[in-house]
Amino acid sequence: MTPITGMPLRKEKRGWAYCPICTHTVQAQVILKGKAAYVKPGQRCPRCSSSLEAASVVDYRVAA
Ligand SMILES: [Zn+2]
């Protein structure tokens, strides 16, 4: 019997992502998976409308 444990906790938060296209930090929905944080796929930059999948998470410790 193998116990089903060790599943990384997946949380979603509102945070900040750095858009490399317009070089601005914009608000984005951030997925927290264990210690890693990444931008939720399918989002667009509110400034330049480019996909935020290439953006990197800057900060997610933001009060909602
Ligand atoms: Zn942008």
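Serine 49 sits in the loop between β3 and β4. Strands here are DSSP E runs of at least two residues, helices are H or I runs of at least four, and both are numbered from the N terminus. Serine 49 is not a glycine, yet its phi is positive, about 65°. Most residues other than glycine have a negative phi. Serine 49 is exposed, with 9 other C-beta atoms within 10 Å. The cut-offs are these: a residue is buried if 20 or more other C-beta atoms lie within 10 Å of its own, exposed if 12 or fewer, and partly exposed in between, with C-beta atoms placed from the backbone.

A word on the model. It is predicted: local features need pLDDT of at least 70, side-chain atom pairs count only at pLDDT 80 or more, and totals for chains, interfaces and linings use all residues. Residues are numbered from 1 along each chain as its sequence is written.

Serine 51 is found in the loop between β3 and β4. Is serine 51 exposed or partly exposed? It is partly exposed, because 15 other C-beta atoms lie within 10 Å. Its C-alpha atom is 8.4 Å from that of proline 41, a residue ten places away along the chain.

Now the overall plan. The protein has zero helices and four strands. From the N terminus on, the order of elements is β-β-β-β. The four strands form an open sheet in the order β3-β2-β1-β4, with antiparallel pairing. β3 (36-39) and β4 are the edge strands, each pairing on one side only. From one strand to the next, the twist averages 55°. For that angle, axes are lines fitted to C-alpha atoms (for helices, over the stretch in contact), and angles run from 0 to 180 degrees between N-to-C directions. Two strands count as paired if DSSP finds at least two bridges between them.

Take the pairings in turn. β1 and β2 run antiparallel and are joined by ten bridges. They form a hairpin with four residues between them. Threonine 23 lies in that loop between β1 and β2. Its phi is positive, about 50°, although threonine 23 is not a glycine. Threonine 23 counts as exposed because it has 9 C-beta neighbours inside 10 Å.

β2 and β3 also form a hairpin, with two residues between them. In its turn, glycine 34 has a positive phi of about 65°. Four bridges pair β2 and β3 in the antiparallel sense. Valine 30 has valine 39 in β3 as its bridge partner.

β1 is joined to β4 (residues 56-59) by three bridges, and the two run antiparallel. Which residues stand opposite tryptophan 16? In β2 the residue is glutamine 27; in β4 it is aspartate 59.

Finally, the interior. Buried residues make up 17% of the 64 residues.

Contact means that the C-beta atoms of two residues, placed from the backbone, lie within 7 Å. Beyond its neighbours within four places in sequence, valine 57 contacts Gly15, Ala17, Val30, Ala37, Tyr38 and Val39. Among contacts between residues at least 6 apart in sequence, 47% join residues at least 24 apart.
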